[in-house]
Amino acid sequence: MAFCVFTTRSAFLRRMATASLAGKVRKQPSSDMAVFRTVFQNAKHVVALTGAGISAESGIPTFRGSGGLWRKYNAQDIATPGAFLANPSLVWEFYSYRRDLVLSKKPNPAHHALAKAEAQLEAEGRRLVVITQNIDELHRDAGTKNLLELHGTLFRTRCTNCGIISENRASPISPALAGKGAPDPEVPDARIPEQELPRCSKCAGLLRPHVVWFGESLDPDILNSAQKELDKCDLCLVIGTSSVVYPAAMFAPGVADRGVPVAEFNIESTPGTENFGFHFEGFCGSTLPKALGV
């Protein structure tokens with residue numbers, strides 16, 4: 001089954017309220033690092049769910065909340081199939097800007113901590129897998145191998161004609177996009193002719209970013225793989241995500257409902273915090289390496 005990736009914060013809050021009314025008693029999450037370290041050291045199968053917050057510490061904008069605009073646009077208005085159909089030049093400017101920005105950034109200590117912990121657990125016959133909502137490939141750059149990218153990646157394209165999916169880290173991705181995509185709201189849209197936008201090397205069809213846009217469904221194979229990992233895990237880490245986008249919003253609460261420990265690492269509390277066993281507030285690049293002991 002495929003799931004739409006977009007939902008509202010209010011819908012998530014309603015779910016939490018319903019759970020509370022159903023008689024689920026929640027305790028305040030612990031921030032005891034020593035207790036968490038004991039849980040982590042005893043875990044055999046760890047799943048880390050990561051979101052935009054972990055990459056924000058590498059200087060990558062989240063495009064959410066106050067000041068989260070690109071030019072005058074909200075990401076959820078421009079990262080859609082309808083927006084691409086109506087104005088592929090504008091959408092490609094947005095993604096060209098994001099690609100070039102990410103290519104200039106590096107993984108931060110939180111990314112490296114997960115990669116090191118994965119290698120450490122593997123050497124001990126244990127498992128750590130990262131399920132990310134991010135499309136920047138910084139987990140890959142840090143060395144993570146057990147990685148499921150729910151929303152795709154900035155550095156793959158898909159042909160709208162023949163459907164071929166290709167790796168592409170070219171900068172610029174097409175000559176017409178060189179120097180385009182500046183986020184300043186005063187910058188006019190480039191209005192690049194469609195024939196000058198990225199084209200397929202096989203059939204010359206128009207390329208699009210191979211990412212999951214608002215209103216689209218997740219790849220069912222990736223979603224099924226993620227669910228299998230979650231079903232087997234005995235510890236779940238929620239890192240840099242407010243968990244309000246479905247189906248990822250259901251992942252950690254579903255694990256917690258099974259009685260499995262869930263630890264949240266974020267700069268602030270989120271709508272799901274009270275449902276988790278642990279909450280560590282602060283920058284993930286500081287809290288996560290300490291928690292994982294790497």
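Me: Against which helices and strands do the buried residues of α11 pack?

Reply: This is a predicted model, in which local features need pLDDT of at least 70, side-chain atom pairs count only at pLDDT 80 or more, and totals for chains, interfaces and linings use all residues. Residues are numbered from 1 along each chain as its sequence is written, and side-chain values use heavy atoms, leaving out hydrogens and water. Helices (H or I, at least four residues) and strands (E, at least two) are DSSP runs numbered from the N terminus; contact means heavy atoms within 4.5 Å. The buried residues of α11 pack against α2 (33-42), α7 (109-123), β7, β8 and β9.

Me: How many of the nine residues of α11 are buried?

Reply: A residue is buried under 20% relative accessible area, exposed over 50% and partly exposed in between (1.4 Å probe, protein chains only). In α11, the buried residues are Cys284, Gly285, Thr287, Leu288, Pro289, Ala291 and Leu292. The helix is thus mostly covered, and the count of buried residues is seven.

Me: At about what angle does α11 run to β8?

Reply: Axes are lines fitted to C-alpha atoms, for helices over the stretch in contact, and angles between N-to-C directions run from 0 to 180 degrees. Helix α11 (residues 284-292) lies across β7 (235-239), β8 (262-266) and β9. Its angle to β8 is about 150 degrees.

Me: Which strands form the edges of the six-stranded open sheet?

Reply: Two strands pair if DSSP finds at least two bridges between them. The order is β3-β2-β1-β7-β8-β9, with parallel pairing, and the twist averages 15 degrees from one strand to the next. Strand β2 (residues 127-132) pairs with β3 over three bridges, and Thr132 stands opposite Glu149. The strands that pair on one side only are β3 (147-149) and β9 (278-281).

Me: Is the pairing in the sheet of three strands parallel or antiparallel?

Reply: The order of this open sheet is β5-β4-β6, with β5 (165-167) and β6 (207-211) at the edges and an average twist of 45 degrees from one strand to the next. Strand β4 (residues 152-159) meets β6 over four bridges, and Thr157 has Pro209 as its bridge partner. The pairing is antiparallel.

Me: Which helix packs on that sheet, touching β4 and β6?

Reply: The helix spans residues 88-103, and its direction makes about 140 degrees with that of β4. One of its residues, Tyr95, is in contact with Leu154, Pro209 and Val211, among others. The helix is α6.

Me: Which residue has its backbone nitrogen 2.8 Å from a polar atom of the side chain of Ser89?

Reply: Ser89 is found in helix α6 and counts as buried because its relative accessibility is 3%. Leaving aside neighbours within four places in sequence, the contacts of Ser89 are Ala190, Arg191, Ile192 and Leu197. The backbone nitrogen at 2.8 Å belongs to Ile192.

Methods. Polar contact = N/O pair within 3.5 Å; in protein donor to acceptor, adjacent residues only side chain to side chain.
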